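Dear colleague,

I am handing over the structure below, followed by some notes on what was found in it. Please read the notes with the coordinates open beside them.

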Amino acid sequence: MAIFAGVDIGSTTGKALLLDDKDTILASTIMEVTTRPEKTARICVDAVLEQAGIKEDEISFMVGTGYGRVKIPFASDNISEITCHASGAKWLHPTVKTVIDIGGQDCKVIGVRDDGKVREFVMNDKCAAGTGRFLESQARVLDVKIGEFSELSKQADAPAMISAQCSVFAESEVITQLNEGNSIPNIVAGIHVAIASRLISLLKRVGIEEDLTVSGGCAKNEGLIKILQEKVGVNIVMLREDPQIVGALGAAVLARQKWEKKKAA
Amino acid sequence: MTAFSIQPFIEAVHDSRERLAALASRGRKVLGYFCTYTPIEFIHAAGFVPVRILGGGTPIEQAASLTPTFICPYLRQALERALRGEYGFLSGVVQGYTCDVACGLINIWELNVPGDLYHTVPLPYQDSPDARKYFRQALRELGERLADIGGRVTDASLAASLDLYGNIRRRSLDLYRLRSQGRLALSAAELLSVVQAGLVTPPEDYLPMLEAFVEAAEARPQASERGVPVLVSGSVIDQPWVLEVIEASGARVVGDDLCTGLRAFSPPTGRGGDPTDRLMDRHFRRFPCPARMKAQERAPLLVDLAKGSRAEGVIFLIQKFCTPHLADLPVVMEALEAAGVRGLTVEMEETGLNEGQLRTRVESFLEMLGD
C-alpha cells in the first residue's frame, strides 16, 4: 500500500493528512501554528503518523503547501495552496467548478477546470478584511468566542451595516454599533455581510460557475455561508470533509500524482 | 579579458549618489528625468549628465503631504528621496511629457526642491511632417533652456551623444539576445542591475563597462534553460528582488516589456539626415509605452514580443494607480489569451510587495501554465 501525505502550513493553522492508494483518508489533523513553520509541520506530521499507526518512511510522497510550504524540509515537493485547494475540492466533489477559500490571512476564489487544474484565480491579499484574522479581531471587540459567531449570526433580525473595507476601521464601526446598543447577533451578521460582499467582488472577477463550494477554516462558519449563499444567489455545495483540510487533502492527492509520474518515468 | 561579473554594476548603482555628487561638485551638471521618452541624448549633448530618477522602495513620509495617494508609488517615492536630499546632486529635472502624474510631479518637485532648470518637453504621438516640425521646435526650446544653465548643443555634440547611447542600447540588446538564446548565465534580477547601472552612470563611463561585460558574456556561454518561460511587462522595476522572487518561484524571465528594460533600448537608434532627425525618428519608432499608444495598437506588439521570446505567460508588474498600464490591461489580456498566452497581474504597492503572497501568486500561475 502506498501512502501519500499533504501538509498545509497556513498563517493561522497547520494541517496534515494521509491518503492511501485506495483513496481512503487514513488520518488528518489541524493545529494552531507555532512561530516556526518547520516545527508546525513536524508536529502535524507526527500527529497523523500516530493516528494512522504508521512510520514516516512508509510515506511514499509528501507535498507541502500553504505559506510555510518552502519551510518543510522533509516534504518531497511543494505546491501552492491555490493549486492544492482546487485539487482537494475536485477530489471531494468532482463537479466543482469554483472554490472560495477563506483562510486566516487571505481569501481566494479559484476557477477549477474539468481535470482539476486551476483555470483562473484571484486573491484578496492586501488587507485582512474577508479573512479569518478579520473575524478574530472582531470577536475580540465583541468579547465573544469565534466559534459562537455562526450561531449568533443566525439569531440576527437586522444585520448591522458595517461598511468599511478595512478591518481596522470596521472595528471602529463595530464599537460604534455596540455603543449605540445594537445587538451582538446583528453586529455579527453585519460582519458576515461585509465579508460576503468582499468575496462577491472576487467571485465576479473569476466568474461564478457551478458547482460552487467553500474551503478553509471560515467555511465552517454556517452563519457566514448562509449570508454568502443569499448574496451569491447560487447553491453553495458543502464538502463532505472538514473544509479546513481541503488544502492538505489536495496536497496529498497531488503527492500521489507526482509519485505515479515519477514511478512511470 | 574582463571577468564575467556584475559586481561593478551593483557597485555603480550602490555608489551612484556619491559619484554623481562628486561629479556635480566638480562642475558637471547632472539633470534628472523620470521617463525614458525624455530626449536624454539632447541633454547629454549639451554637456550634462542625464540620470534616471528612481524610487528605490523608499517609505513615504514627507511626500505624503505634497501628493495624493492615488498616484504611482514610483513617483511618490522619487519625490520622497528628493525631499530627503538624496537627489541633492541634481541641477534640475527635464521630463518628456508622457504620463500626467510625471508631468504634474515635476511642478511639485520645482516648488519644493531647489534647482536651476525644470522643464517639460512636449512629445508628439503620431509621426507626420507636422509632428516632426513641432518636435524640432520643442527640442529647440529645450536647447535654449539648457543654454540658460550653461549647456550648448551642436550638431556634432548631438551626433556623438546619439552614437554613444546607440552603442549602449545595442550592447544592452546583445545581452537580451544572449539571454533569450539561453547563452547568458544571468538571472533577470542581475540583468536588471546591469541596466540600472546605466541609468545612473555617465554614459561615457558606462559603455566601456557594458562592452567588457558583453564580451566576457559572449566568451562564456552557459545555458540557463530552467524554469517556465515568462515575459515581464510593466513600467519601472527598480528593486531587483521582485524579479528574484519570480525566478525563485520557478519562472525564467525570457523577455520584458519594461522601461527599465527592453523598452528603453528598442530600437537603439533612429535614421535621418541630421542628428535631430535621428533623435526624432527613434522617438517615433520606440517599442511603445502604454502612455504613448492606443491599447488596440500596442496589444499585437506585446503578443508578438511574448510569442517571439517563447514566453508561456506574461506577468504584469504594474505600479499601483498607473492609469496608462491598467487601462490597457483588459485589451492586452484579451489579445494574449486569444494567442494562447496567459497573464497574471501583480500591483506594485508603495509599501512593497509581500514576498510570500507574490510567491503564491507566481507559483500558482506557473502551475496553471504547466499543464
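**The interface between chains A and B**

In this predicted model, Glu120(A) forms a salt bridge with Arg342(B), with the closest N and O atoms 3.3 Å apart. The count of salt bridges between chain B and chain A is 2, and there are also 8 residue pairs in polar contact, both residues being at pLDDT 80 or more. On the side of chain B that touches chain A, the elements giving two or more residues are β8 (342–348) and α15 (355–369), and α15(B) provides the largest share, namely 10 residues. That side divides into 9 charged, 4 polar and 3 nonpolar residues.

Taken as a whole, 16 residues of chain B are in contact with 19 residues of chain A. The two chains bury about 1500 Å² between them, 46% of it on carbon and sulfur atoms, and in chain B the residues that lose the most area to chain A are Gln357(B), Thr360(B) and Arg361(B), together 35% of what that side buries.

**Aromatic pairs**

Over all chains, the structure holds 9 aromatic pairs. The ring centres of Tyr87(B) and Phe89(B) are 5.7 Å apart and their planes stand at 65°, so this pair is edge-to-face. Phe135(B) and Phe284(B) also form an edge-to-face pair, at 6.2 Å centre to centre and 80° between the planes; because Phe135(B) lies in helix α6 and Phe284(B) in helix α12 of chain B, the pair ties together parts that are 149 residues apart in sequence. Phe135(B) is buried at 1% relative accessible area, and Phe284(B) counts as buried at 16%.

With best regards

Notes. Residues numbered from 1 in each chain as written. Chains lettered and ligands numbered in written order. Predicted model: local features only at pLDDT ≥ 70, side-chain atom pairs only at ≥ 80, totals over all residues. Heavy atoms only, no water. Contact = heavy atoms within 4.5 Å. Buried area = accessible area lost by both parts, 1.4 Å probe. Salt bridge = Lys/Arg side-chain N within 4 Å of Asp/Glu carboxyl O. Polar contact = N/O pair within 3.5 Å; in protein donor to acceptor, adjacent residues only side chain to side chain. Helix = DSSP H or I, 4+ residues; strand = E, 2+ residues; numbered from the N terminus. Nonpolar A, V, L, I, M, F, W, Y, C, P; charged D, E, K, R; others polar. Phe/Tyr/Trp six-rings, centres within 6.5 Å; stacked < 30°, edge-to-face > 60°. Buried < 20%, exposed > 50% of the residue type's maximum accessible area, 1.4 Å probe, protein only.
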